[in-house]
Amino acid sequence: MKDRSLELKGWHKQVVCKKSKKRGSCKKKMAMMHNLYGQIDLATSAKYRAEEVLSRLSTKYPSFMKPMIRSNVSGGFWLSLPRLFCQLHMPRHDITVTLVDESQEEYKTKYLAERNGLSGGWRGFSLSHDLVEGDVLVFQLFRFCKLKVRIRKSSF
């Protein structure tokens, strides 16, 4: 029996099309996969650019990188923060956290200690910066409950 499936190989997601009974169906699948993974390549590029930013930051101030997923930028607008970061650098109670963007604009958000994340105010920040799934943010704590946020968009 002939195998009529696609294989994804390696980090770059090379598409290998095996024999198909229908003419042209392999080309359609390859085009569909290219479009799908083309979007991932953009996100990977944003991640790469964010990693560059992160590597250049002073280690004097704690920082972390956060790729945006659907729940961060639509619907509930919830942003979970890394647990270890919260345990080491954030208060153990709910508090207002200020996000400072690259234009030095400040956005007040509500930090929920029990859930290690940002809730109220995060939606405003997300919408103001047109954040979408695949964007990558670099956060750096530079004062008590003040985070500098550097945004690397998934599309140019």
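Trainee: Which residues form one aromatic cluster here?

Mentor: In this predicted model, the cluster is formed by Phe64, Phe85 and Phe139. The structure as a whole holds four aromatic pairs, and rings count as a pair if their centres lie within 6.5 Å.

Trainee: How are the planes of phenylalanine 64 and phenylalanine 139 arranged, stacked or edge-to-face?

Mentor: Planes under 30 degrees apart count as stacked. The planes of phenylalanine 64 and phenylalanine 139 are at 15°, with the ring centres 4.9 Å apart, so this pair is stacked. The pair also links distant parts of the chain, since phenylalanine 64 belongs to strand E3 (residues 63-67) and phenylalanine 139 to strand E8 (residues 136-143), 75 residues apart.

Trainee: Are phenylalanine 64 and phenylalanine 139 buried or exposed?

Mentor: Buried means under 20% relative accessible area, and both phenylalanine 64 and phenylalanine 139 are buried.

Trainee: What should I read from the rings of tryptophan 122 and phenylalanine 125?

Mentor: Their centres lie 5.4 Å apart and their planes are at 25°, so tryptophan 122 and phenylalanine 125 are stacked as well. These two residues are three residues apart in helix H4 (residues 122-128), which means that about one helical turn separates them. Tryptophan 122 is buried, its relative accessible area being 0%, and phenylalanine 125 counts as buried at 0% relative accessibility.

Key. Residues numbered from 1 in each chain as written. Predicted model: local features only at pLDDT ≥ 70, side-chain atom pairs only at ≥ 80, totals over all residues. Heavy atoms only, no water. Phe/Tyr/Trp six-rings, centres within 6.5 Å; stacked < 30°, edge-to-face > 60°. Helix = DSSP H or I, 4+ residues; strand = E, 2+ residues; numbered from the N terminus. Buried < 20%, exposed > 50% of the residue type's maximum accessible area, 1.4 Å probe, protein only.
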